[in-house]
Amino acid sequence: MNPPAATRHTIHPAWGVVVFLLIALIGLFYVKWSPYYGRAFVAAQTHSIGQSILTGASGTTPQPSLQAALGYALAYGAAIWKALLLGLLLGSAMQTLLPARWIQRWLGGTGAGSVIAASLLSVPSMMCTCCSAPVVNGLRECRAAPGSTAAYWLGNTMLNPATLVFMGFVLGWHWVGLRLGLGIVMVLGLGWVLNHMNRAHGATDEPCAKSPTPATPLGPSRMDPLRALRQWAKAFVGMAIRLLPEYLILVLLLGAARAWLFPVLDAGLDNSLVWIAAAAVAGLLFVIPTAGEVPIVQALLALGVAAGPAAALLVTLPPISLPSLFMVARSFRRVEIATLIVGVLVSGLVAGGLAIGLGF
């Protein structure tokens, strides 16, 4: 007897979860975990993980030009394209393969629990701020709370265990303590603040109440695999078309503008508040690959840059950038984006002050 037409071509939604987890595990192992494992031994033996992507071998930033823009875009793209592709796959698959009620249950509340859960989920992800942006958009489409989504986004870079290991071997473990301490405060603190703002805006502690993002269905009891794949492909293409053009343009502009963002890269960059603030702003705007801040700060310290500005860059370069802010702009309210920017800048200033006070 043939199966009923209503169930002939359907499968349990658990298969969508299995497919998503396989993509996440295999993708992260190939793109992140395996390469970083080997890189940690290189860092331990050589106390280096490569040249500064900011200056390359020259030690200076090139003058603004098309060549400078293309050179940086190519170097940066070679470092992140696999992770960006994985981020697009996961961000689009999340919207079509996962039961949205699961995400809402664990990350949709506006209490501290969802922020902590998202922070823990970010630790094995280890993506740069731009590569994790598609996942951030996927979380918000599934109505994860803004605070937990921000905690996941910031935690990818600030709580990245591989970056902390590289930092310890290259810069010293006192730098790891500074970065980790401020990273935990930034991730949990800004996540809590955004959720508190969301409650004040009218949400409750119930998952996803009055979410500003489009509602995602909770998911049927069964799913049509071909339809799910078509929806996934449509979501992937739509996300890529929406995010990649503006992302590429901003990376080119920042690559060309390196000499304006970082006009001084020597002992003239002292511990004055002006230079610490300037470094914090430049770090917030500029875009780097995962762990790119480690060789940048190593090169700057070797050139005589003071600890204050170096510490500010160590904290503001990774978590957000101008391209990544544009990529997630539709997923947060403007006041939430402004809060993230201010929070990262303040963290950079505090990092500079602590580095001076602790005698780094």
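The following questions and answers go through a predicted model of one protein chain.

Residues are numbered from 1 along each chain as its sequence is written. Local features need pLDDT of at least 70 and side-chain atom pairs count only at pLDDT 80 or more, while totals for chains, interfaces and linings use all residues; side-chain values use heavy atoms, with hydrogens and water left out.

Biologist: What radius of gyration does the protein chain have?

Modeller: The radius is taken over C-alpha atoms, and the globule rule is 2.2 Å times the number of residues to the power 0.38. The C-alpha trace spans about 80 × 40 × 35 Å along its principal axes. For 360 residues a compact globule would be near 21 Å, and the chain agrees with this, at 21 Å.

Biologist: Which residues have the most contacts inside the largest nonpolar core?

Modeller: Such a core is a set of buried Ala, Val, Leu, Ile, Met, Phe, Trp, Tyr and Cys residues joined through side-chain atoms within 4.5 Å. Buried means under 20% relative accessible area, exposed over 50%, and partly exposed in between, with a 1.4 Å probe and protein chains only. The largest core has 105 residues, and those with the most contacts inside it are Tyr76 and Trp175. Its largest share, twelve residues, comes from helix α2 (residues 66-97).

Biologist: Which residues is Trp175 in contact with, leaving aside its neighbours within four places in sequence?

Modeller: Contact means heavy atoms within 4.5 Å. With those neighbours left out, the partners of Trp175 are Met167, Leu301, Ala307, Ala310, Ala311, Leu314 and Phe360.

Biologist: What separates the C-alpha atoms of Ala73 and Val251?

Modeller: Ala73 is found in helix α2 and is buried, with a relative accessible area of 16%. Beyond its neighbours within four places in sequence, Ala73 is in contact with Val251 and Leu252. Ala73 and Val251 are 178 residues apart along the chain, yet their C-alpha atoms are separated by 6.2 Å.

Biologist: Which helix gives the largest share of the lining of the largest pocket?

Modeller: On a 1 Å grid over the protein atoms alone, a pocket is an open set of points with protein on both sides within 12 Å along at least five of seven lines, a cavity is a set where a 1.4 Å probe fits but cannot get out, and lining residues have an atom within 4 Å of a point. The largest pocket has a volume of about 600 Å³, and of its 21 lining residues the closest to its centre are Phe20, Leu21, Met94, Leu98 and Leu121. Volume here is the space filled by probe spheres set on the points, which are joined across faces, edges and corners. The largest share of the lining, seven residues, comes from α1.

Biologist: Is Met126 buried or exposed?

Modeller: Met126 lies in the loop between α4 and α5. Its phi is near 60°, a positive value in a residue other than glycine. With a relative accessible area of 6%, Met126 is buried.

Key. Helix = DSSP H or I, 4+ residues; strand = E, 2+ residues; numbered from the N terminus.
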